[in-house]
Amino acid sequence: MSDQVPIVIIGGGLSGIMAARKLKEKGYQDIILVEKSRSVGGRMATRRIEKGKIDHGAQFFTVRTEKFQAFVDEWIENANVKHWFGDDYYRYMSVDGMNAFAKKLAEDISVRLQTRITEIKKNTTGYILTTDEGEAINARAVIVTAPAPQAKTLLENDNLKVDTKVLQKLDEIVFQPCLVGLFQMQQPTNLPNSGHLDSELPEGVMRLVDHEKKGISEIPTVSVYMTGEWSKAHYQLGDEAVLEKIKQVTSAYIDFDSALSSQLKKWRYAEAVQFLRQPFLNTNQEYPLLVAGDAFLHSQDPANRTRLESAFVSGITVGGELVKLLK
Ligand SMILES: Cc1cc2nc3c(=O)[nH]c(=O)nc-3n(C[C@H](O)[C@H](O)[C@H](O)COP(=O)(O)OP(=O)(O)OC[C@H]3O[C@@H](n4cnc5c(N)ncnc54)[C@H](O)[C@@H]3O)c2cc1C
């Protein structure tokens, strides 16, 4: 097996980043993280609006495992993460917005942005991956961390002959979408001092966040998160129509007369409502080809839901497994 051929991780969200960090920690330098978007982070997403910022994917970390607590504590010490709200059950936030934290985590990793992998095929040294630009990237081992439906599309080809049981496992994972309204405001909002509200909201509304109050935006910006069910029911509507509906249902909380601009973010794969109880899938090919991500929960996971912590655990576990397989 040639050391010149790199390990490729598909997907630069938290799972992919943590898998790469684990491999680096174990001495592997020849890793390429391939991400289709303009930035790493995936669902750790922050948008800039004028002088403002809006987290419009994950808002906070919750911690239920010692490993993740140790990781969060280290980043608190480095002043990248801090306690946001919750006295008994802490919610932690990234001080510069979620995406900046993802970028920090990926700082020492070789990343290929704006590169979508469209095909994985076997070759004599492992795999050959094709990008949307038609470029070929060789890999001696591959970790796929794209959300399960996208991962399945990559694995379903006659050349790979991935066991149907593996593909069926991926089919068991079911994601719900999330529609998020992003608003730049003229005036500060009346949301609580933390900037976060997720209780006693109208049906269909999951969460409201004022990012000036959260402390990441110089100007008032608001994100309105709709529930999975609401998002599913409204996903096919045009952006303007969805934004109008979001304004209607939340007008008692936000004064939209002072909104300077509005945008819609549509997450097709936001949260897995059906997930697996194993931190990764091994396709058992001649050369390692593993699948991981937030929907791969550890068997002992106490939360029963997909989240940043499950992405973190899946990422470091699959990274550790690859180290074993490469030995
Ligand atoms: C609206 C929303 C709110 C959330 N709120 C919270 C919260 O408050 N707290 C919490 O803990 N969790 C929250 N989550 C969940 C959390 O964001 C995810 O669990 C976590 O970020 C998933 O990380 P991941 O690496 O598994 O997947 P992702 O972040 O989705 O990363 C996968 C990456 O793969 C890339 N990719 C896909 N296909 C390809 C391809 N073919 N080639 C190259 N790249 C590809 C994608 O662009 C993406 O960047 C939220 C999620 C959403 C959407």
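# Reading pairs, bridges and domains

User: Where should I start with Lys324 and Glu321?

Analyst: Start with the contact itself. Lys324 and Glu321 form a salt bridge, with the closest N and O atoms 3.7 Å apart. This is a predicted model. The general idea is simple. Side chains of opposite charge can pair when their charged atoms come close.

User: How many residues apart are Lys324 and Glu321 in helix H9?

Analyst: They are 3 residues apart in helix H9, so about one helical turn separates Lys324 from Glu321.

User: Is Lys324 buried or exposed? And Glu321, buried or exposed?

Analyst: Lys324 counts as exposed, at 59% relative accessibility. Glu321 is buried, because its relative accessible area of 18% falls under the 20% cut-off.

User: How many salt bridges does the structure hold?

Analyst: It holds 14 salt bridges. One of them joins Arg307 and Asp301, with the closest N and O atoms 3.2 Å apart. Both of these residues are buried. Another joins the side chains of Glu107 and Lys104, at 3.6 Å from N to O. Glu107 is exposed, with a relative accessible area of 54%. Lys104 is partly exposed, at 34%.

User: Which residues are linked in a network of salt bridges?

Analyst: Lys152, Glu156 and Asp171 are linked in such a network.

User: Now aromatic rings. What describes a pair of them?

Analyst: The distance of the centres and the angle of the planes describe a pair of aromatic rings. Now the case here. The structure holds 14 aromatic pairs. Take Phe68 and Phe312. Their ring centres are 4.8 Å apart and their planes lie at 50 degrees, so the pair is tilted.

User: Which parts of the chain does that pair link?

Analyst: Distant ones. Phe68 is in helix H2 (residues 66–77), Phe312 is in helix H9 (residues 308–326), and the two are 244 residues apart. Phe68 is buried, with a relative accessible area of 0%. Phe312 also counts as buried, at 3% relative accessibility.

User: What about the rings of Phe71 and Phe312?

Analyst: Their centres are 4.7 Å apart and their planes are at 45 degrees, so this pair is tilted. Phe71 lies in helix H2 and Phe312 in helix H9, so the pair ties together parts that are 241 residues apart in sequence. Phe71 is buried, with a relative accessible area of 7%.

User: Which residues form one aromatic cluster?

Analyst: Phe61, Phe68, Phe71, Trp75, Phe101 and Phe312 form one aromatic cluster.

User: Which charged residues lie over a ring?

Analyst: Here are two cases. The charged end of Arg207 sits over the ring of Tyr225, 6.0 Å from its centre. Lys266 lies over the face of Tyr235, at 4.8 Å from the ring centre.

User: Let us step back. Into which domains is the protein chain divided?

Analyst: Domain 1 covers 7–41 + 106–173 + 275–326, and domain 2 covers 176–272. Their C-alpha centres lie 32 Å apart.

User: How many residues are in contact between domain 1 and domain 2?

Analyst: 9 residues of domain 1 are in contact with 4 residues of domain 2. The area buried between the domains is about 480 Å², and carbon and sulfur atoms give 58% of it. Pro149, Arg305 and Thr306 supply 54% of the area that domain 1 buries against domain 2, more than any other three residues.

User: How many salt bridges are there between domain 1 and domain 2?

Analyst: The count is 1 salt bridge. Look also at Arg305. Arg305 forms a salt bridge with Glu271, the closest N and O atoms being 3.0 Å apart.

Terms used
Residues numbered from 1 in each chain as written. Predicted model: local features only at pLDDT ≥ 70, side-chain atom pairs only at ≥ 80, totals over all residues. Heavy atoms only, no water. Phe/Tyr/Trp six-rings, centres within 6.5 Å; stacked < 30°, edge-to-face > 60°. Helix = DSSP H or I, 4+ residues; strand = E, 2+ residues; numbered from the N terminus. Buried < 20%, exposed > 50% of the residue type's maximum accessible area, 1.4 Å probe, protein only. Lys NZ or Arg CZ within 6 Å of the ring centre and 35° of its normal. Domains from an automatic or database assignment. Contact = heavy atoms within 4.5 Å. Buried area = accessible area lost by both parts, 1.4 Å probe. Salt bridge = Lys/Arg side-chain N within 4 Å of Asp/Glu carboxyl O.
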